[in-house]
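Please look at the sequence and the structure shown here before reading on.

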Amino acid sequence: MGQNTRATREYPATAAPSDTAQRTSPERTAPRRKSPLAGYLLRRLGMSILLLFGVTLVTFTLANLVPGNPIVAALGEGAASNPATVAAYIEKHGLDQPLPVQYLNYLVNLFQGDMGVSLRTGQPVASDLAKAVPATIEVAIGAIIVSLAVGVALGALAAYRRGKMSDQVVRVVSLLGLSIPTFWMALVAFNIFFLQLGIAPGSGRLSPILAPPPTVTGLYTVDALLAGQWVTFMDAMAHLMLPVFVLSLFTIGLLTRFVRTSVLEVLDADYIRAGRAKGLSGPRMLFGYTLRGASLPILTIVGLAFGSLLSGTVLVEAVFAWPGLGSYAYNSATSLDLPGVMGVGLVVGVIYLGINFAVDILYGVLDPRVRLA
Amino acid sequence: MRTKIRYVATAIGLSASLVLVGCAATAPEGGSGSAPSSIVIDTAFTLETGDPGRNYVPTGYMVSKALYETLLDFAGSDESTPVPGLASYEQNDDATVFTFTLADGRVFSDGTPITADDVVFSLNRVKGMTESKANFLMEGIEVTKVDDKTVELSTATPSLKLPALMTNPSLAILNSKLVIENGGTTDNSDKAETFLNSTSAGSGPYILDSLDFESQVVLTENEKYNGAEDIDFTRVVIRSVSESATQKMNLEGGDSQVAVDLSGDQVAGLGDGVNVFSTPSAQTIFLLLNQSADVAGVTANPEFASAVRYALDYPALLELAGAGSEQATGVIPPSFLGALTDGVEQDLAASKAALAASGYAGETITLEYPNDYPVGGVSFTPLAERVQSQLADAGITVELAPAPFTTQIDEYVNGREAFSIWFWGPDYADSANFLPFAAGAKVGLRAGWTAEQDPAVVELAAAAENATSMDEREGAFSAFASALQEQGPFVPLIVPGSNIATADYIDGVAYNSTWTMDIAELQSK
């Protein structure tokens with residue numbers, strides 16, 4: 001991150017020497033070579049697949065190292081005392097096989113899109129996750145959009161007004177966002193905005209009076225729009241408000257601090273001074289030069305924050321009765337539902353790898369030197 | 001300047017959108033879900049299947065009870081005597097043959113008449129599905145069709161618990177034709193669960209509209225229902241709300257009308273506009289003192305158990321449990337046949353004498369308990385801490401060893417815990433549920449208490465199990481409970497309360513130890 005920032009200071013993306021070099025290079029007239037970006041992406045893809053394999057191995061091993069008996073946890077005391085029920089259960093779930101065989105079976109099934117059957121819900125894990133993941137994605141996307149809008153604005157404001165009262169206020173606000181426990185904030189926000197003020201709806205993704213829209217993406221807002229159900233869309237948006245607000249507080253605090261630091265570094269760069277000397281100011285200077293120059297570290301943080309939002313919403317989902325990935329992970333873990341736990345581990349792994357992959361591509365888009373590296 | 005105006009306009013537009021969305025939040029179609037014909041129930045979901053024959057968990061029971069009917073039922077919260085459901089019954093003098101006669105004219109939700117074939121299929125299906133958690137309910141019961149209206153259930157030994165068993169929603173009567181068409185069988189090859197997860201095949205006052213295991217179940221009125229219930233709410237939404245604080249706020253804010261899982265402290269803080277139905281549940285929280293020397297060492301003797309029993313200040317422990325809770329008077333909770341009327345009282349002199357007789361020499365005893373599994377709003381950590389403090393006053397040194405439920409339960413069921421806090425709830429509303437506490441029985445063995453160690457208690461349990469008349473049965477269960485209270489390795493502590501809170505215009509809440517409450521009995525005042 002620090003290296004990128006230094007490089008940006010010396011060679012702004014809009015007028016990088018490498019850009020000029022590319023235009024005058026003999027390579028332009030030489031036979032076409034394989035794109036370095038494509039090679040880079042292929043390498044990353046191969047690495048991601050290997051990492052996914054590692055994720056399955058780690059989650060399987062950890063899930064089976066946990067003390068406790070999943071049969072007793074799943075069947076309960078009464079049924080677990082019935083030998084016929086226990087025998088049928090073991091046979092049905094293949095629990096009588098040695099662990100390496102169970103793992104191999106898991107991998108073989110995984111390649112066929114079968115993530116196993118949840119010991120808790122009795123449903124295929126893939127179908128459980130197909131409902132839970134979109135619920136979390138919907139709230140995480142909302143939170144990241146709000147965080148980006150507010151965090152970048154506050155961070156840039158604080159940097160531009162460095163040392164002044166507004167800078168101090170923004171820093172305090174961002175510190176609060178980072179410090180306040182999300183679970184506590186969720187309860188407080190629900191109490192104030194729903195119970196006391198009545199301007200937010202109750203828990204869940206939709207009001208109980210409404211039926212979920214026909215599933216296309218699993219995102220209620222998008223599916224409602226696709227189905228032309230405006231009331232459902234508005235209701236889903238309303239139910240998103242509080243979870244998004246609560247989840248975005250931490251990310252806003254994080255982003256504000258990073259944006260402030262990055263923008264401060266860029267503001268000292270020669271190309272910014274040159275731009276100012278030539279009369280550039282206002283939004284063009286902010287969005288066209290300053291933020292673009294500061295964008296790489298911000299992008300890294302946004303990627304990590306988005307991954308964290310997708311995989312770390314357990315407590316907020318509990319407060320808002322949001323049937324997402326966090327709730328599913330918690331319920332699976334507390335009931336020793338090993339297929340469920342492994343499914344969540346795999347999905348979270350895929351999410352992080354996917355986000356890292358996307359961030360890498362965006363690096364290339366934002367900074368041409370990365371494409372050529 | 002123009003750019004500034006554009007930004008200001010965009011900001012105003014975005015703000016207006018948010019306000020609109022906020023307005024939509026407070027007034028979705030029909031208000032906030034409180035239309036008189038519909039009701040929203042918040043509960044922490046324990047729901048694994050829509051198939052009653054495979055269900056064994058509380059939310060599943062509540063749903064099954066609304067969708068299906070059983071041969072027998074209980075009236076309101078009175079679980080002492082089964083009353084006719086789909087059928088009435090007679091039994092022989094030996095209590096080994098029970099003849100059920102179906103009520104006339106009853107139909108399933110598709111209009112199909114209910115016959116003896118449906119009863120035989122439904123009960124044999126549960127009996128045949130050995131993988132079902134409810135399978136044990138049919139253990140030792142033979143089902144025979146007598147004619148289209150009559151079915152005979154027989155057992156090899158006297159079984160006065162059988163009528164109570166037939167109230168369990170897992171033994172609901174299904175539309176056999178419909179279920180067979182969709183993969184139903186009476187053995188382990190049954191494939192009807194997927195169908196029953198989306199469509200109900202019963203005769204209850206409601207039919208299944210939709211079922212999502214993680215978020216909500218929606219029930220609508222069964223228009224073909226011709227039973228005794230007169231339902232007020234034609235649409236019921238049962239929502240998964242795991243956080244009891246959220247349940248409380250949803251109820252107070254009008255987003256739901258019933259909250260099922262509030263603790264005693266939470267219902268105490270509810271204001272106007274809310275009704276609370278607090279009653280002792282059928283759960284019993286108890287201390288287990290292992291009687292196997294291999295597991296418990298020097299404390300593995302009845303004298304040490306007595307020392308602990310008389311050292312505790314039970315009213316002080318009860319303070320942790322809140323509304324609706326009671327001191328446990330024995331292993332059989334108050335609402336069941338044979339329950340004792342009075343619990344143990346603290347007697348430090350008796351405790352001291354028993355401790356001296358036990359051979360205890362100040363060793364530190366480890367108290368294990370699940371720390372993530374409150375029962376009826378009672379968290380085990382503060383309870384364990386108070387037990388530790390009280391036992392310290394009596395000269396017994398205790399160290400606490402909490403662990404997650406899923407880790408702890410394996411140690412408990414395999415009898416590897418020397419001293420622990422656990423709980424027991426009935427699978428069906430009959431005192432026979434508590435006979436496993438006997439020496440040599442399931443829970444007894446978890447405490448290392450073998451039949452050879454206390455043959456007298458084994459005999460008392462057998463007498464209760466095989467009683468053929470209700471008077472004989474009540475006496476036998478009382479004797480069993482008394483014997484355990486005097487010499488057993490269990491120290492019953494608390495029967496936690498069940499607190500069901502509703503909007504003030506709702507009446508008819510009646511707690512049941514199996515299905516929590518009968519949704520069809522909820523009425524609008």
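In this predicted model, B:Glu142 has B:Ser154 of strand E7 of chain B as its bridge partner. Helices (H or I, at least four residues) and strands (E, at least two) are DSSP runs, numbered from the N terminus. The pairing of E6(B) with E7 (residues 150-155) of chain B is antiparallel and extends over six bridges, where two strands pair if DSSP finds at least two bridges between them.

Residues are numbered from 1 along each chain as its sequence is written, while chains are lettered from A and ligands numbered from 1 in the order in which they are written. Because this is a predicted model, local features need pLDDT of at least 70 and side-chain atom pairs count only at pLDDT 80 or more, whereas totals for chains, interfaces and linings use all residues.

**The sheet of chain B**

E6(B) and E7(B) belong to an open sheet of four strands, which has the order E4-E5-E7-E6 and antiparallel pairing. Strand E4 (87-91) and strand E6 (141-147) of chain B each have a single partner strand and stand at the edges, so one side of each is left without a neighbour in the sheet. On average, and with direction ignored, neighbouring strands of this sheet are turned by 25° against each other. Angles between axes run from 0 to 180 degrees between N-to-C directions, the axes being lines fitted to C-alpha atoms, for helices over the stretch in contact. Helix H3 (residues 116-128) of chain B lies across strand E5 (97-102), E6 and E7 of chain B, and runs at about 170° to E6(B).

**Where the chains meet**

Two residues are in contact if their C-beta atoms, placed from the backbone, lie within 7 Å. The contact between the chains takes 56 residues from chain A and 48 residues from chain B. On the side of chain A that touches chain B, the largest share, eight residues, comes from H4(A).

The axes of H9(A) and helix H7 (residues 244-252) of chain B come within 10 Å and cross at roughly 5°. H9(A) and H7(B) are therefore roughly parallel to each other, a description used for angles under 35 degrees. H9(A) contributes A:Leu187, A:Phe190, A:Asn191, A:Phe194 and A:Leu195 to this contact, and H7(B) contributes B:Ala245, B:Thr246, B:Met249 and B:Glu252.

The table gives residues by class; Ala, Val, Leu, Ile, Met, Phe, Trp, Tyr, Cys and Pro count as nonpolar, Asp, Glu, Lys and Arg as charged, and the others, Gly among them, as polar.

| H9(A) with H7(B) | six residues | two residues | one residue |

**Chain A and its helix H16**

Chain A has 18 helices and zero strands, and buried residues make up 40% of its 373 residues. A residue is buried if 20 or more other C-beta atoms, placed from the backbone, lie within 10 Å of its own. H16(A) is mostly covered, with seven of its 10 residues buried, among them A:Leu325, A:Tyr328 and A:Asn331. These buried residues of H16(A) pack against H7, helix H14 (295-311), H15 and helix H17 (338-366) of chain A.

**Confidence**

The model scores ipTM 0.80 and pTM 0.84. The mean pLDDT of chain B, which is the predictor's confidence in each residue from 0 to 100, is 90, and 93% of its residues reach 70 or more. Over residues 1-35 of chain B, however, pLDDT stays under 50.

Technical notes: Angles under 35 degrees count as roughly parallel, over 145 as roughly antiparallel, 65 to 115 as roughly perpendicular and the rest as oblique. A residue is buried if 20 or more other C-beta atoms lie within 10 Å of its own, exposed if 12 or fewer, and partly exposed in between; C-beta atoms are placed from the backbone.
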